[in-house]
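Q: I would like to learn how to read the features of a protein model. Could we go through them in turn?

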Amino acid sequence: MLPVVAIGHPTLRKKTEEIGPDYPGLKDLIDNMFETMYASKGVGLAAPQVNKSIRLFIVDARPYAEDDLCAKDFVKVFINPKIIQETGEMWVFNEGCLSVPGINEDVSRRSEVELEYMDENFVSHREVFKGIAGRVIQHEYDHLEGVLFVDRLSPLKKTLLKGKVTKISKGEIDVSYRMTFIKK
Ligand code: ZN
C-alpha cells in the first residue's frame, strides 16, 4: 500500500510526464495503486496521488454498477491519456477525492469524453466514455493536469471550504488510510 498525497502537497500541482513500457517498476506500481485504491475505497487513483508525476491513472467504478450500467466491469489502466473532446450536456455529480478526504461536492462537467490512451500493455485505444465511467475519467485526468475537483467549485464554495482544506493539508483529519501531508 502506498501513502496518498493530501491536498496542499506540491506533487498534486506538478506537470506530469508521459511514460514508456521501460518505466522502472511499472507493473508493481500499477498493482500497488490498485491495492491502495481498494484499501481506501476509491473508484479511481492517479499517479500524482501516490507522489509520481507521470501520466497514469487507474479506475474501478464497479461500486457504481447498480446506478449506472456504464460502470459495470469498468476496471481499467490508462497510460498517457489525451482528451480529444468533451461533449454532451453539462451534468452535476457529487465528487470526492482520496487526496481531499471528508469533502464531497457537486461538480458540473460534460456528460461524454472522448479519450486516446494506452492500456497496461501499451496498446493504443480511442474511445468515448459516458455516465459515471466518463466522470471518473474526467476527475482522474484532471489530476494529471494538476487540477483538483475543488478547483472547479464556485468562488463562494471555495471560500466556505478554505478552513477545512487547510486542516486536511496539515493532516488535522481522521482518515482510515495512510496519507502524506505537506510539512508544517
Ligand atoms: Zn481525486
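Q: How many positive and negative side chains does the protein have, and how far apart do the centres of the two sets lie?
A: Lys and Arg count as positive and Asp and Glu as negative, while His and the chain ends are not counted. The place of a charge is taken as NZ of Lys, CZ of Arg, CG of Asp or CD of Glu. Here there are 26 positive and 28 negative side chains, with the two centres 7 Å apart.

Q: What kind of model is this?
A: This is a predicted model, in which local features need pLDDT of at least 70, side-chain atom pairs count only at pLDDT 80 or more, and totals for chains, interfaces and linings use all residues. Residues are numbered from 1 along each chain as its sequence is written, and side-chain values use heavy atoms, with hydrogens and water left out.

Q: Which pattern does the protein follow along the sequence?
A: Helices (H or I, at least four residues) and strands (E, at least two) are DSSP runs, numbered from the N terminus. The protein has three helices and seven strands, in the order β-α-β-β-β-β-β-α-α-β. Its radius of gyration is 16 Å, close to the 16 Å from the globule rule for 184 residues, so the protein is as compact as a globular protein of that length. That radius is taken over C-alpha atoms, and the rule is 2.2 Å times the number of residues to the power 0.38. The C-alpha trace spans about 45 × 40 × 30 Å along its principal axes.

Q: What percentage of the residues is buried?
A: Buried means under 20% relative accessible area, exposed over 50%, and partly exposed in between (1.4 Å probe, protein chains only). In this protein, buried residues make up 46% of the 184.

Q: What share of the contacts joins residues at least 24 apart?
A: A contact means heavy atoms within 4.5 Å. Among contacts between residues at least 6 apart in sequence, 66% join residues at least 24 apart.

Q: Which residues coordinate the zinc ion?
A: Donors are N, O and S atoms within 2.8 Å of the metal (3.2 Å for Na, K and Ca); water is not among the atoms, so sites may look incomplete. The zinc ion is coordinated by Cys 97 through SG, and by His 139 and His 143 through NE2, at 2.1 to 2.3 Å. The spacing of these donors along the chain is C-x41-H-x3-H. Cys 97 lies in the loop between strand E4 (75-95) and strand E5 (105-118), and His 143 in helix H2 (residues 131-144), so that the pair, 46 residues apart, links distant parts of the chain. Both Cys 97 and His 143 are buried.

Q: Where is Lys 41 placed, and is this residue buried or exposed?
A: Lys 41 sits in the loop between helix H1 (26-39) and strand E2 (44-46). Its relative accessibility is 74%, so Lys 41 counts as exposed. Phi of Lys 41 is near 60°, a positive value in a residue other than glycine.

Q: What is phi of Asp 73 near?
A: Phi of Asp 73 is near 60°, again positive in a residue other than glycine. Asp 73 is in the loop between strand E3 (56-60) and E4, and counts as exposed because its relative accessibility is 58%.

Q: Which residues does Ser 53 touch, not counting residues up to four places away in sequence?
A: With that exclusion, Ser 53 touches Thr 11, Lys 14, Lys 15, Thr 16 and Glu 17. Ser 53 lies in the loop between E2 and E3 and, at 18% relative accessibility, counts as buried.
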